[in-house]
Amino acid sequence: MSPPLELTAPYHSAHRRDRHPFAFVAERLWLDFVNTDSGSRGTEALNDFGRFADWLEAAQVLDAERAGTMQRRALQQPAGALAVLGDARRVRAVLRALAERGANVAEARLEALSEINRVLGRSAGTRRVELRDDGTFARAFVAVGDAFAGLLIPIVEGAADALILGELDRVRRCADPRCGRVFQDETKNGRRRWCDMATCGNRAKAARHRMKVHA
């Protein structure tokens, strides 16, 4: 069960990420967003609106200035902030089903399509290309009117791309049953098993070594 929605006062996001780092191992923004759920790891990365804004900044959906602006606006408009946090969790649950079953289950694809179009339909704004601090470029969505409504746009657009480009057959769930993360398999042979070799992959390697030693 998801924890209750909370609104926290903004403070320096880098400090928050140092305490609770986010993992970006999925090769796709929408899948990294799916991986913020509790899953089998027992943690809720988006336990309040401040964390959601921090994640959007860490994912480079928002720059530091916009993330700070959203957190200040959350204090001014708490109902809107809590509403979009609840919406984010609802969208995430649907995208989790799309990631895990969408390649084979038409119902999961149709439910995701409905949710994607719902989010796109209620968000008005301007799409633009922006220059990042590291010199790379990225698409951005600047909401008009309800600033909170546009926060999910880049995420659902990524899921829409997966549907349009037929990428779902390359979405995998980490082979570690304790993990629960999903990822886009970009390997040529399509045999990537672990969300991250530095964590789940190494644990599996160590487990195999222990079995050989005991054998």
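Which residues of helix 7 are buried? In this predicted model, local features require pLDDT of at least 70 and side-chain atom pairs count only at pLDDT 80 or more, whereas totals for chains, interfaces and linings use all residues. Residues are numbered from 1 along each chain as its sequence is written, and side-chain values use heavy atoms, with hydrogens and water left out. The buried residues of helix 7 are Ile 153, Ile 155, Val 156, Gly 158, Ala 159, Ala 160 and Ala 162. Buried denotes under 20% relative accessible area, exposed over 50%, and partly exposed the range in between, computed with a 1.4 Å probe on protein chains only.

The protein chain contains 8 helices and 4 strands. Helices (H or I, at least four residues) and strands (E, at least two) are DSSP runs, numbered from the N terminus. Read from the N terminus on, the order of elements is α-α-α-α-α-α-β-β-α-β-β-α. Of its 215 residues, 42% count as buried. Among contacts with a separation of 6 or more, 61% join residues 24 or more positions apart, a contact being heavy atoms within 4.5 Å.

Helix 7 spans residues 153–165 and has 13 residues. From its first C-alpha to its last, helix 7 reaches 18 Å, close to the 18 Å expected at 1.5 Å a residue; the expected span is 1.5 Å times one less than the number of residues. Gly 166 follows helix 7 and has a positive phi, near 65°.

Two packed helices are described by the angle between their axes and the distance between the axes. For helix 5 (residues 78–101) and helix 7, the axes come within 12 Å and cross at roughly 20°. Axes are lines fitted to C-alpha atoms, for helices over the stretch in contact, and angles run from 0 to 180 degrees between N-to-C directions. Helix 5 and helix 7 are therefore roughly parallel to each other, given that angles under 35 degrees count as roughly parallel, over 145 as roughly antiparallel, 65 to 115 as roughly perpendicular and the rest as oblique. The crossing of helix 5 past helix 7 is left-handed, that is, the near helix is turned anticlockwise from the far one by less than a right angle, clockwise being right-handed. In this contact, Val 91, Leu 95 and Leu 98 of helix 5 meet Ile 155, Val 156, Ala 159 and Leu 163 of helix 7. The residues of the contact divide into 7 nonpolar, no polar and no charged. Here Ala, Val, Leu, Ile, Met, Phe, Trp, Tyr, Cys and Pro count as nonpolar, Asp, Glu, Lys and Arg as charged, and the others, Gly among them, as polar.

Most residues other than glycine have a negative phi. Glu 27, which is not a glycine, has a positive phi of about 75°. Glu 27 lies in the loop between helix 1 (13–19) and helix 2 (29–34) and is partly exposed at 48% relative accessibility. Phe 22 also belongs to the loop between helix 1 and helix 2, but is buried at 15% relative accessibility.

Gln 60 is placed in the loop between helix 3 (49–58) and helix 4 (64–76) and is partly exposed, with a relative accessible area of 40%. Glu 57, in helix 3, is buried, with a relative accessible area of 15%. Glu 57 and Ala 67 are 10 residues apart in sequence and 6.1 Å apart in space, C-alpha to C-alpha.
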